[in-house]
Amino acid sequence: MSKELPEWEKAREEFVIQWGSLGTQWGINRTMAQIHALLMTAPEPMCTDEVMERLEISRGNAHTNLKDLVSWNLVRIITKKGDRKEYFEAEKDVWKIFITISKERKRREIEPAIQLLRDCAARTKDETAGPGKEFNQQMKDLDEFLSFGVKVADTVISMKHASALQWAMRLLG
């Protein structure tokens with residue numbers, strides 16, 4: 001894993017590996033999470049070749065995952081005058097990362113789930129008894145619950161970092 005690297009680089013390598021493992025539990029692939037961790041902790045923007053070399057991955061894998069991180073707004077493309085390569089820089093502000101991931105997951109996962117619940121409820125609104133009526137009510141209850149969760153999340157991500165922490169501390173006691 002590490003040759004004779006400074007201690008911070010050894011710790012960084014461990015962080016990148018572990019962040020990759022955690023990423024799979026958050027719904028993203030290991031390589032995408034590792035690239036994010038690598039760029040998030042990089043002192044300078046990195047090009048695709050540097051990412052490939054550090055993580056020992058193929059060009060296609062690096063390119064696909066970098067493109068996905070850019071589409072998630074977690075990574076931005078940097079150009080350097082006189083250099084044809086694209087460089088990549090990750091957002092380093094933890095609160096901004098949280099907000100970005102929350103918004104993307106809402107758009108990609110929660111909103112389609114709410115739409116499915118609403119479609120199922122609309123299709124079964126005329127059920128008047130038995131399992132059909134119970135199914136319709138369950139869809140409405142799930143919609144209400146998820147919609148409430150979205151309102152709470154939207155409120156939190158609209159706050160400034162310090163305000164959100166103060167609110168959470170009051171809420172959690």
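Predicted model: local features only at pLDDT ≥ 70, side-chain atom pairs only at ≥ 80, totals over all residues.
Two helices, H2 (residues 30-40) and H3 (residues 48-55), meet in the model, their axes coming within 11 Å and crossing at roughly 110°. Because angles of 65 to 115 degrees count as roughly perpendicular, H2 and H3 are therefore described as roughly perpendicular to each other. The crossing of the two helices is right-handed. On the side of H2, the contact is formed by Gln34, Ile35, Leu38 and Leu39, while H3 contributes Val51, Arg54 and Leu55.

The strands form an open sheet of 3 members, arranged in the order S1-S3-S2 with antiparallel pairing. Strand S1 (46-47) and strand S2 (75-79) are the edge strands, and each of them pairs on one side only. Strand S3 comprises residues 86-90 and is joined to S1 by 2 bridges, the two strands running antiparallel. Within this part of the sheet, Cys47 stands opposite Tyr87, a residue of S3.

The helical and strand elements are also related to one another. Helix H2 lies across S1, S2 and S3, and runs at about 85° to S3.

How values were computed. Residues numbered from 1 in each chain as written. Heavy atoms only, no water. Axes fitted to C-alpha atoms, helices over the stretch in contact; angles between N-to-C directions. Helix = DSSP H or I, 4+ residues; strand = E, 2+ residues; numbered from the N terminus. Parallel < 35°, antiparallel > 145°, perpendicular 65-115°, else oblique. Left-handed = near helix turned anticlockwise from the far one by under 90°. Contact = heavy atoms within 4.5 Å. Pairing = 2+ DSSP bridges.
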